[in-house]
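Okay, thanks for coming, everyone.

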Amino acid sequence: MKLFKFLNQNHSLKFQGSILVIIAILGNFFNFLFNAYLGRTISLENFALVSLIGSILSLSDIPINALTKTVTHKSAYNLGKYKQPAIGFWLKLRKRALKISIITSLLWLSLSPLIAAFFRLDNALPIILFTPIWILGILAAVDGGYLKGNLKFAYIAIVSLIEAVLRFITVFIFIKLGYEEYVYNSIAISILVSFCLLAIGAKLTQKKSNTSKKTVNSKFPIKFYLTSVLIKISNVSYLTLDIILAKHFLPADLAGQYALLSLTGKMVYFANLLFSQFINPVISHKEGAGKNSQKSFYQLLAASSVSGFIAFIAIGLFGSITLPFLFGKNAEAIIRFAPLYTLSMVAFSISTNIVSFHQIRKQYLLPTIIFIVALVQIVLVSFFHDGVKSIVQVMVFLGFLNLLVTILFHIFQKKIMVWGNNILDLFDLLKPYTQFDSKKNGIKILIFNCRDIKHA
């Protein structure tokens, strides 16, 4: 508790950020140990099951992560603008989140048999045991977003490290005790502990603050949340949905191979995430304070891109050396796909950072465009799924397509916004004139009549 209280203090942003980056590396290392240990010790069929549960977790993370991102944005914006934590916003939202989480859990339980049947599971137990994650995940999203929005990066870092370490320890215990088929429960156990620690941290922040619970501007930013959902769907579609589709279309052994290949791509993606995770809170804080955020964005984009390329070189270019060392014999089947697949993951990571920057600045067109590209992925994989190679080709194409679209938008955003506004104005001309109620409000007409033809 003394450590958590120390980390929850108002240290400098550089200190908080440095702690988060260092511990994020350790956390990713334990996440790698979790997956590598599973890849070495359990069968490809059980590994596919664990990947499936992880993929379902990623799907559930669509609304949950969007909620975290929105709370982070709102908290950081208020902190920058009003110089005080958004306590009222957090308390109000937490009550709503509890009700929503209970309803979602009951709905999930009722659909468990159908979900198990879709994924060809022998029984619905793994799906049923996933239910508590909804309640814990939604509440943790509110608390975690609130802490991150208040720039408590060091505290968030320690919690994430504990979650990663605990997940590895529990899966090790499951396997050593002979319960290999239940290793997926380690995910729920680690999330439970993470939820408790985040709740404690949020309470500590509330007690330390002297501000009123009725924080200024506590309105929930619904547009930001909806576009966050679109962005998260795009991310999950590229990072996770392909595994689910592979599990659905491919035999168990090929699905396991693709799950292992997807894991290598995630390692590159999370290397990029070391610095890109600062974009939302830092840029939102600067926007709230009325400062120029573009310079900070380019610095964070450069740092995240470099970390992603380093991971690509280690895992993609030298995959013939590193992958067998990391995953054992199971990696031999995916070495030939690794270079191009991991490079496309770097491209996708860069595009995701650009999308987040424009979303924070209330430019919501780009998230919509990226969402449309994600829908294209579902169509393409549904048609091209003859084997691992076919799905890899689709994912590589979409990774570079995402990057091309976001770069073009970032360069020509002003012209694109003008075109978009003109198109909207054109549609306004097609609306019926009856929208004006002359009896109630009258028709307001302004007439300019100027006869000064000589004046400039």
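Let me start with a definition: I call two rings of Phe, Tyr or Trp (for Trp, the six-membered ring) a pair if their centres lie within 6.5 Å, with planes under 30 degrees apart counted as stacked, over 60 as edge-to-face and the rest as tilted. With that rule, a search of the whole structure turns up 11 aromatic pairs.

Some housekeeping before I go on. This is a predicted model, so local features need pLDDT of at least 70 and side-chain atom pairs count only at pLDDT 80 or more, while totals for chains, interfaces and linings use all residues. Residues are numbered from 1 along each chain as its sequence is written, and side-chain values use heavy atoms, with hydrogens and water left out.

Now the overall picture. The protein chain has 17 helices and 0 strands; these are DSSP runs, H or I of at least four residues for helices and E of at least two for strands, numbered from the N terminus. Of its 456 residues, 52% count as buried. Buried here is under 20% relative accessible area, exposed is over 50%, and partly exposed is in between, with a 1.4 Å probe and protein chains only. As for contacts, meaning heavy atoms within 4.5 Å: among those in the protein chain between residues at least 6 apart in sequence, 82% join residues at least 24 apart.

Back to the rings. Take F153 and F278, an edge-to-face pair with 5.1 Å centre to centre and 90 degrees between the planes.

Another edge-to-face pair is Y269 with F270, at 5.8 Å centre to centre and 75 degrees between the planes. Are these two buried or exposed? Y269 counts as buried, at 11% relative accessibility, whereas F270 is partly exposed, with a relative accessible area of 37%. Y269 and F270 also belong to one aromatic cluster together with Y238 and F348.

On to the core. By nonpolar core I mean a set of buried Ala, Val, Leu, Ile, Met, Phe, Trp, Tyr and Cys residues joined through side-chain atoms within 4.5 Å. The largest one has 117 residues, and the members that touch the most others are I56, L67, F130, Y258, L261, F327 and V392. Which helix gives the most to this core? That's α9, residues 222-249, with 12 residues. There is another core apart from it, of 9 residues, including Y37, L38, F168 and F174.

Leaving aside neighbours within four places in sequence, L261 is in contact with I334, F337, A338, Y341, V388 and V392. L261 also turns up where α10 packs on α16: L254, Q257, Y258 and L261 in α10 meet V388, I391, V392 and M395 in α16. By class, that contact has 7 nonpolar, 1 polar and no charged residues. Here Ala, Val, Leu, Ile, Met, Phe, Trp, Tyr, Cys and Pro count as nonpolar, Asp, Glu, Lys and Arg as charged, and the others, Gly among them, as polar.

Next, N185, which is in helix α8, residues 185-208. N185 counts as buried, at 16% relative accessibility. Leaving aside neighbours within four places in sequence, N185 is in contact with L129 and F174. For V50, 135 residues from N185 along the chain, the C-alpha separation is 9.3 Å. V50 itself lies in helix α3, residues 44-82, and is buried at 7% relative accessibility.

Last bit, backbone. Most residues other than glycine have a negative phi. K83 has a positive phi of about 60 degrees although it is not a glycine. K83 is in the loop between α3 and α4 (87-118) and counts as exposed, at 61% relative accessibility. Then there's K362, also not a glycine, with a positive phi near 65 degrees. Where is K362? In the loop between α14 (338-360) and α15 (365-383), and K362 is exposed, with a relative accessible area of 58%.

That's my list, so over to you.
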